[in-house]
Amino acid sequence: MLNYILRRLGAGLLLLAVVTAVTFWIFYVLPRWAGVTPRGMAAMYVGKAPTPEALDATVERLGLDQPVAMQFLEFVRGLLLGQEFTFGRETVECAAPCLGYSFTTNSPVLPQLLDRLPVTASLAFGAAIIWIIGGVAVGVLSAVKKGSFFDRLAMGTALVGVSMPIYFTGLLALAFLVHKWELFPVSRYVPLSEDPVAWFQVMFLPWVTLAFLHAAQYARQTRAGMLEVLGEDYIRTARAKGLSERRVIFKHALRPTLTPIVTIFGLDVGLVLGGAILTETVFSLNGIGAYAIDAIVGKDLPVVLGVTLMGAVFIVVCNLVVDLLYPVLDPRVRIAG
Amino acid sequence: MASTEPVVRVDDLRVTFPTMDGDVHAVNGLSFEVPAGGALGIVGESGSGKSVTSLALMGLHRGSRARITGSIEVAGQDVVSASDRKLRRMRGNDIAMVFQDPMQSLHPQYTIGNQLIEAYRIHNPKATKAEAHKRAVESLDRVGIPHPQKRINSYPHEFSGGMRQRVVIAMGLMCDPKVLLADEPTTALDVTVQAQVLDLLDELRTDLGMGLILVSHDLAVVAGSVDEVVVMRHGVAVERGDVRTVLAEPEHPYTRALLAAVPRVELSRAQRRAQDRAERDKREGRVTEAGEFSAFTPTATPAATGTDSSEETPLLRVEDVAQRFGVRGGVWGRTTDFWAVKGVSFDLFRGETLGIVGESGSGKSTLSRMVMRLLEPTRGRVEFEGRDITHMSERELRPLRRDMQMVFQNPYSSLNPRVTVGDAIGTALRVQGERDGRKVRRQVQELLERVGLEPDHYNRFPHAFSGGQRQRIAIARALILKPKLIICDEPVSALDVSTQDQVLRLLSELQDDFGLTYIFVAHDLAVVRQVSDRVAVMRAGEVVEMGDSDSVYEEPSSDYTRQLLNAAPVLDPDEARSLRAERREKRDKKTAA
């Protein structure tokens, strides 16, 4: 068992290292291959319209004229030990893990990301709770009442849910629920620690919008999985024991149905934690996704790189959690350890 | 037990499934009774309605489209009209069920203890967890699970197939049911394990005074375990009566046919061949030269067994072959070696049949795959017609593939469902260079007739055929290139007894006509004896005994062979019972020692 945990942890770390290398390669090596000169690169990092001297200074500061290997070492060192950036007389400390320095906002990237993390985390976890509970509940009911009116209605709605993009459902919700019927306040994000009620009011619509899309997908998968499990021999055994239908469904059929769903759930939560770009944009939430969009539009490469790395970390971590949870859910995995 | 009332009474049971093509009568007017503590066997082939009947007894058709009329009484309770709640109270409490496939019938994600305790507490809600736990341990001990106190916390995948079936039986015993309903409880198990499970069921019945309903496709399985037998066909009981009478003097022609089809371990190869040839002559004497088979003129007269073949070079020589597989696991996923076959040697002469018997995991399939060179032996040497093929490349092997063909176990999965029968058989000809499409078609159609199918089956897809017909197609596919050697890997184990018999007969006829050489791999001792000149008994990757089939069967030299022969199901109810008593005595002696 310990062996399994260590192996999974090791694999997670390795994956992070690979993701870091690939991200670096995309941002530093690929442009050079495409024929961008060190000064051209520097221009991308500085933003605005710089003087040739400023460009040269940036090239030197970022070591853009150095060999790729040296640059990578420097990048990794920044991640692990921190870096210093000097601007004339001024020196800015970028503590480890240093994800880079944004020249547009004149500040290190990580603190800004961490500032916005609570918004994205609120959105991600809230929506995740709604979609996993809603999706699985609808899926189970649909499977148990297969072919009924409820089943057809639910699966029809799910099809619509999967097909409609968030900027459509989101804007629809904003237009009617907020602006026309004024059921929800027009408000900026309020931290949970400040005013839980206001936080809930602000977050409710984004949660439901984001959850709707995922719940639809989960409902369909739960239904399909449940129908398959209900055909298994051990379900017949359970019925032959004299168990009630409720116990057959909730004890014997639900667990094997949920096992594969947990895997996707982990990945999806990781993905949304890395920034729910569409939802954040539609609802003007100042989260990581919105930050990434601003950076892309403003060509603020260090920020884009930082967001990418952070998103990767979330996915790897969530995946790791699922991997560690799996033997608990399915004892057959345990022997592999 | 004191009551003389039957525990199960079925009267004029009809189970109908409405389909688009009208109603299907799966069971049509079935009646039987099981007295308290009595045992009833229900025998029939697939589609006879025996499984539908057992599900109906448990009321497990509720919620499906099945329409049930007639009456089923279990422990005085009418199953057909009972409320769901009453039905649930009956299931597991008055009547418990044991299913066919022990690998699938336990929940993989709960410990067996959890599943056993649940079975008890659902019917005894006042029982504490500790009581239920104690009872579960007793029950596991009762069915012969070693160290039940410890094993109760194990998951199903930590048990072998036979042990899992014991666990399912233990689960059935939790509430002291009045009847145990076992639907093909040993079909998925090896011969020796089958004997153990049947012995256990019999022992439980006599010790606990429980009724037993044993459902099987094999008369020999029920012979030694039941008092009364019902033979079913197309949803109707064609014969019902005392097991000794039915087996000794069957009245209905179907029962007689079924009995005749059961492979008998006491029948030798020579006897069976003589029988088959006589029947064939009689049949073909009447039908004047039907199905002339021009492309396949017999290449040899029926092989003279043994005498002159010893001088020539063998068709196949296998010398000390072994196969190693890496098994992942251990610290840091290091692989450990597992030897599936550990050094097997034999010669095989033209026209001869070598039978390889063994239980699952004995290495018999791995051995046949090495002979076919589907696997490269880790060690040793395989010679085909004097040529060393042990390490030949796939390209070098290709011309030789003509000469050796294989027939697989499962006719349902070994034919591609999207390829027509004609293409499936003809492809081999095309692969070997035949370009003339009409010629291919003609040859395939002739061959289809030869294996007992129709020429116009050429364009049909496999799903239109029954299991036996599919196995005939598979045989035709193996035959089309006029091979010298055919390896049959459990060719009849997925088939019903009567279909089994027909396929065996076909194989034997083809051997006569084309001078084929067979390697016949199977776990069924009786089947192997009837088709083999020589027999190799395998266990754990080694040949424990090899020799002339009659001598191996009549004077086995190894303990393991004796054990296998002793475990094989026997048709004679009295002999089966005395063999069982012998086994029990032996076991008691062992535990006493």
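Which residue in β8(B) does B:G41 stand opposite? The legends below begin with the sheet that holds this pair. The model is predicted: local features need pLDDT of at least 70, side-chain atom pairs count only at pLDDT 80 or more, and totals for chains, interfaces and linings use all residues. Residues are numbered from 1 along each chain as its sequence is written, while chains are lettered from A and ligands numbered from 1 in the order in which they are written.

**View 1. The six-stranded sheet of chain B.** Six strands form an open sheet of mixed pairing, in the order β6-β7-β8-β3-β9-β10 (chain B). Helices (H or I, at least four residues) and strands (E, at least two) are DSSP runs, numbered from the N terminus; two strands pair if DSSP finds at least two bridges between them. At the edges stand β6 (95-98) and β10 (236-242) of chain B, each with a single partner strand, so one side of each has no neighbour in the sheet. From one strand to the next, the twist averages 15°. Strands β3 (residues 39-43) and β8 (residues 211-216) of chain B run parallel and are joined by five bridges. B:G41 stands opposite B:L214 in β8(B). Helix α1 (residues 50-57) of chain B packs on this sheet, touching β3, β6, β7 (179-183), β8 and β9 (228-233) of chain B. Its direction makes about 150° with that of β7(B). Axes are lines fitted to C-alpha atoms, for helices over the stretch in contact, and angles run from 0 to 180 degrees between N-to-C directions. Residues are in contact if their C-beta atoms, placed from the backbone, lie within 7 Å.

**View 2. The four-stranded sheet of chain B.** This open sheet has the order β2-β1-β4-β5 (chain B), with antiparallel pairing. Its edges are β2 (22-35) and β5 (77-78) of chain B, each with a single partner strand, so one side of each is left without a neighbour in the sheet. Seven bridges join β1 (residues 6-19) of chain B to β4 (residues 67-74) of chain B, and these strands run antiparallel. The bridge partner of B:V8 in β4(B) is B:V74. Helix α1(B) lies across β1, β2 and β4 of chain B, at about 115° to β1(B).

**View 3. Helices α5 and α10 of chain A.** Helix α5 (residues 109-144) and helix α10 (residues 245-273) of chain A pack at an angle of about 150°, with their axes 11 Å apart. The two helices are therefore roughly antiparallel (angles under 35 degrees count as roughly parallel, over 145 as roughly antiparallel, 65 to 115 as roughly perpendicular and the rest as oblique). Residues making the contact include A:A124 and A:I132 of α5(A) and A:I261 and A:F265 of α10(A). By class, the contact has 15 nonpolar, one polar and no charged residues. Ala, Val, Leu, Ile, Met, Phe, Trp, Tyr, Cys and Pro count as nonpolar, Asp, Glu, Lys and Arg as charged, and the others, Gly among them, as polar.

**View 4. Helices α6 and α8 of chain A.** Helix α6 (residues 149-163) and helix α8 (residues 196-230) of chain A pack at about 130°, with their axes 8 Å apart. That angle makes α6(A) oblique to α8(A). Among the residues in contact are A:A158 and A:G161 of α6(A) and A:F212 and A:R220 of α8(A). This contact has nine nonpolar, two polar and one charged residues.

Key. Two residues are in contact if their C-beta atoms, placed from the backbone, lie within 7 Å.
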